[in-house]
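Q: Could you walk me through how to read a few features of this model? I would like the general idea each time, and then the case at hand.

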Amino acid sequence: MTDLSKYRNIGIFAHVDAGKTTTTERILKLTGKIHKIGEVHDGESTMDFMEQEAERGITIQSAATTAFWKDHRFNIIDTPGHVDFTIEVYRSLKVLDGGIGVFCGSGGVEPQSETNWRYANESEVARIIFVNKLDRMGADFYKVVKQVKEVLGANSLVMVLPIGVEEKFKGCVDLLTRKAWIWDNEKDTTQYRIDEPPADMADMIEEYREQLIETALEQDDDLMEKYLEGEEPSIEDIKRCIRKGTIALDFFPTYCGSAFKDKGVQMILDAAVDYLPDPTQVTPQPEVDLEGNETGEFAIVDADKPLRALAFKIMDDRFGALTFVRVYSGKLNKGDTILNTFTGKTERIGRMVEMHADERIEIEGAQAGDIVAIVGMKNVQTGHTLCDVKNPATLEPMVFPDPVISISISPDDKGASEKLGIALGKMIKEDPSFRVETDEDSGETILKGMGELHLDIKVDILRRTHGISATVGKPQVAYRETITKRVEDSYTHKKQSGGSGQYGKIDYIVEPGEPGSGFTFESTVTGGNVPREFWPAVEKGFEKMKDKGVLAGFPCLDFKVTLTDGAFHAVDSSAIAFEIAAMAAYRQTMPKAGAQLMEPIMKVDVYTPEDHVGDVIGDLNRRRGMIKSQEPSATGVRIKAECPLSEMFGYIGTLRTMTSGRGQFSMEFLHYVPCPKNVSDAVIKENQDREAAKNK
């Protein structure tokens, strides 16, 4: 039985250029995992190398890697850089127990850091802060600490003070022990010495140390009382209080250094051991039944409980498909049969590996608290729960909203189409909010996603990772159609061409359904005018046609068809005759039923500094937006609004211009509402022009 108190499941998240990759790399180097990553790193990293790495996470091969430091096992998880519309970020945060937030010493708290920080707050992840790049021009540790408080509204607990700044930065003073850690061996930066701090820092050290102790002891009334009476607490007691406050998110221990020069990273590893929670100290995951209702049970981190594991990332590399899994409770062994509650299918566990930087180590089993990769699972996607066949449960109801925006894509050369199909197949597995369809009329490949940036990223992955150059069409909104009137109608299908013919007559009512009801069908025929065996054929005929609306060819929502009467012929009637009758009846009746175009409305959440609130609201109003609320926060103002998707194209560019790059927004689908007439007319005309062009 492994001692779970020695486990740390941590993620490193940061603004794209704050040094997430370098920090991770140094952690792996210090823990003896690697001597170098890639081919570029012999201490001569260049900015472009970092940016490419930062765009893809830690290393290009691994999404979770294991390292050891002072008898503790670290599972380091790659938190995605793009936090815009993907489900991935939430998934990664779900499997983390703690995190390291990296901020640039000169750039400070940048907009992307704000977004990352907010997601981590929502997922209640305990964090320590690392102010990186203190050897850079313009670096200022105290300015960044102040920004963390003002911009993020977070209480940073300063644990170390820097010795020197910019090119003179050479070490840190540990406030608890009042000792200086000096890195002065430029040839081997993993070596450091512990010395007395510079005499001119004495007053500052005492001032910050007092703040540190007072903040920490707020976690323990007895110790605080003794301290106020003049009794100095032991370092063990202070550390215990810091750990308690960190796990409760009351404050965030703050360190500094230069990951590129290997300075200060050892202190971060010690802090992760001392202050970040182990898997048993985190709020357990709630379980739900197969219908998605909470059962009141929790996946408690315990190897003796039934198996509960979450697949949080799927990756394809040269070894095949890898499914990264966090085991919450129970054990997972090679050869076990497990149940995927999303698909209802069982799968057998073949090979299991642990990622150590860029090599894999085959393992026989894993248990609660572990993060491992399973090779070659067939039907598992991001967010699926794997569990014990005899004790099924789901860790979290999976709700993947339907895509609301689509673009067409066609490869630039014929040879690339097969390559494109394979690449898209892999990408669908990795991201459940991304869909691909083929347009039957034009044969074009249509990519569907949750927003403009979501699809931009996908096209970028196709180009860079899979080497496919393709032409991308302009974004299309997924409109829908519905009807507004009740119509009673009749249709007769007759065809005689020698031999047995086709005959089917149906009388029916078409009427609007409840919002969200989709297509419903019922039959009230009595007396056998339409024999019971033909009813499914009538339903099938309408069902087939509902995806092609009569106004602009968009799927038709929320209508009900009732079959009331009809007639049949003893010889000429067949299921196919009634199906054809229903399809023609749809075309005949829908235009009479007050067909109407519906547009997707998005829930838009905008963060803006206070000075730009007026501009942002004015712009949203121009986009037919409805402002729902404004909430001031430590980081500015959060504006919640509802806007039609068709008006939101290019919004990120406008928002950044208006807010000098500090604005952030997220957008998710809310519901469909009827289109205003001018919008509806324009969409219908555009559709007619497109059809005319196809038929030329």
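A: Gladly. Contact here means heavy atoms within 4.5 Å. This is a predicted model, in which local features need pLDDT of at least 70 and side-chain atom pairs count only at pLDDT 80 or more, while totals for chains, interfaces and linings use all residues. Residues are numbered from 1 along each chain as its sequence is written, and side-chain values use heavy atoms, with hydrogens and water left out.

Q: Which residues does T659 touch, not counting residues up to four places away in sequence?
A: T659 touches T608, P609, H612 and V616. Helices (H or I, at least four residues) and strands (E, at least two) are DSSP runs, numbered from the N terminus; T659 sits in the loop between α15 (651-658) and β37 (664-674). The side chain of T659 also reaches the backbone oxygen of L655 at 2.8 Å; a polar contact is a pair of N or O atoms within 3.5 Å, where within protein one must be able to donate a hydrogen and the other to accept it, and residues adjacent in sequence count only if both atoms are side-chain atoms.

Q: Is T659 buried or exposed?
A: Buried means under 20% relative accessible area, exposed over 50%, and partly exposed in between (1.4 Å probe, protein chains only). T659 counts as buried because its relative accessibility is 0%.

Q: What should I look for in a positive phi?
A: Most residues other than glycine have a negative phi. K133 has a phi near 60 degrees, a positive value, and lies in the loop between β5 (126-132) and α5 (141-152). R178, also not a glycine, has a positive phi of about 60 degrees and is found in the loop between β8 (171-174) and β9 (179-182). K133 counts as buried because its relative accessibility is 9%, whereas R178, at 33%, counts as partly exposed.

Q: Which residues of the largest nonpolar core touch the most other members?
A: In soluble globular proteins, nonpolar side chains tend to be buried together. A nonpolar core is a set of buried Ala, Val, Leu, Ile, Met, Phe, Trp, Tyr and Cys residues joined through side-chain atoms within 4.5 Å. In the largest one, of 70 residues, I100, M159, I242 and Y255 touch the most other members. Helix α9 (residues 265-275) gives the most to this core, with 8 residues. Another core lies apart from it, with 42 residues, among them L462, F554, V616 and L655.

Q: What do the buried residues of α11 pack against?
A: The buried residues of α11 are H454, L455, I457, K458, V459 and L462, and they pack against β24 (405-411), α10 (416-430), β26 (445-449) and β27 (470-472).

Q: How many residues of strand β36 are buried?
A: In β36 (residues 636-644), 7 of the 9 residues are buried, so this strand is largely enclosed by the rest of the structure. Strand β34 (residues 596-608) runs antiparallel to β36 and is joined to it by 8 bridges; M602 has C643 of β36 as its bridge partner.

Conventions
Two strands pair if DSSP finds at least two bridges between them.
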